Amino acid sequence: QVQLVESGGGLVQAGGSLRLSCAASGSISSINGMGWYRQAPGKQRELVAFVTRGGYTNYADSVKGRFTISRDNAENTVYLQMNSLKPEDTAVYYCNADIRSGLLQRLYWGQGTQVTVSS
């Protein structure tokens, strides 16, 4: 059973910082891409940042220069450092990962962690 567990969300004032973590556990053979998505009330889920196993990163235009995604392959963990937070960053943040477990390879999602930025 593979699962992703997120942590690090919370309430912060505009201009502040938060660091999200997402750890994958279970019977894992390998992990390819890992990413962070977010969904604000009444809006569709959108990609925030993505990192390949080799370290290539991609960001949504709205977070470039403020957010940094990184991963620890030895710990099967992906991080999202969020700086200069804005009220419009308020959302539930989800991590996902492309994981091979035995013969099965699929995308897994975390349960989500709330990030609230007050003005």
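These legends go with several close-up views of a predicted model.

**View 1. A four-strand open sheet, β1-β3-β8-β7.** The strands here line up in the order β1-β3-β8-β7, the sheet is open, and the pairing is antiparallel. Out at the edges stand β1 (3-7) and β7, and each has a single partner strand, so one side of each is left without a neighbour in the sheet. From one strand to the next, the twist averages 15 degrees. Starting from the β1 side, five bridges tie β1 to β3 in the antiparallel sense.

**View 2. Strand β8 between its two partners.** How much of β8 is covered? Strand β8 spans residues 77-82, and five of its six residues are buried. On one hand there is β3 (residues 18-25), joined to β8 by six bridges and running antiparallel to it. On the other there is β7 (residues 67-72), which also pairs with β8 in the antiparallel sense, over six bridges.

**View 3. The disulfide of Cys22 and Cys95.** How many disulfides does a search of the whole structure find? There is one, and the pair that forms it is Cys22 and Cys95, with the sulfur atoms 1.9 Å apart. The link ties together distant parts of the chain, since Cys22 belongs to strand β3 and Cys95 to strand β9 (residues 91-101), 73 residues apart. For anyone checking the torsion, the value about the S-S bond is 45 degrees, and the link of Cys22 and Cys95 is right-handed. Are these two cysteines buried or exposed? Both Cys22 and Cys95 are buried.

**View 4. The β7-β8 hairpin and its turn residue Asn76.** Strands β7 and β8 make a hairpin with four residues between them. Asn76 sits in the loop between the two strands, and its phi is near 55 degrees, a positive value in a residue other than glycine. As a reminder, most residues other than glycine have a negative phi. Asn76 is partly exposed, as its relative accessible area is 23%; the cut-off for buried is under 20%.

View 5. Move on to the loop between β8 and β9 and you find Ser84. Ser84 is not a glycine, yet its phi is positive, at about 50 degrees. With a relative accessible area of 42%, Ser84 counts as partly exposed.

View 6. Five bridges pair β4 with β5 in the antiparallel sense, and Trp36 stands opposite Ala49 of β5. The hairpin of β4 and β5 has six residues between the strands, and Gly42 takes a positive phi there, near 75 degrees. Next along, three bridges join β5 to strand β6 (residues 57-59), again antiparallel. Here Phe50 stands opposite Asn58 in β6. What lies between β5 and β6? Their hairpin has five residues between the strands, and Gly55 takes a positive phi near 100 degrees.

**View 7. Gln44 in the loop between β4 and β5.** Gln44 lies in the loop that runs between β4 (30-39) and β5 (46-51). Is Gln44 buried or exposed? Gln44 counts as exposed because its relative accessibility is 71%, and the cut-off for exposed is over 50%. Leaving aside residues up to four places away in sequence, Gln44 touches Arg38 and Gln39.

**View 8. Arg45 over the rings of Tyr94 and Trp109.** Which rings does Arg45 sit over? One is Tyr94: Arg45 lies over the face of this residue, at 3.8 Å from the ring centre. Another is Trp109, where the charged end of Arg45 sits over the ring, 4.8 Å from its centre. On a related note, the structure holds one aromatic pair.

Definitions and conventions: Residues are numbered from 1 along each chain as its sequence is written. This is a predicted model: local features need pLDDT of at least 70, side-chain atom pairs count only at pLDDT 80 or more; totals for chains, interfaces and linings use all residues. Side-chain values use heavy atoms; hydrogens and water are left out. Buried means under 20% relative accessible area, exposed over 50%, partly exposed in between (1.4 Å probe, protein chains only). Two strands pair if DSSP finds at least two bridges between them. Contact means heavy atoms within 4.5 Å. A disulfide is a pair of cysteine sulfur atoms within 2.5 Å. Rings of Phe, Tyr and Trp (its six-membered ring) pair if their centres lie within 6.5 Å; planes under 30 degrees apart count as stacked, over 60 as edge-to-face and the rest as tilted. A charge sits over a ring if NZ of Lys or CZ of Arg is within 6 Å of the ring centre and within 35 degrees of the ring normal. Axes are lines fitted to C-alpha atoms, for helices over the stretch in contact, and angles run from 0 to 180 degrees between N-to-C directions.
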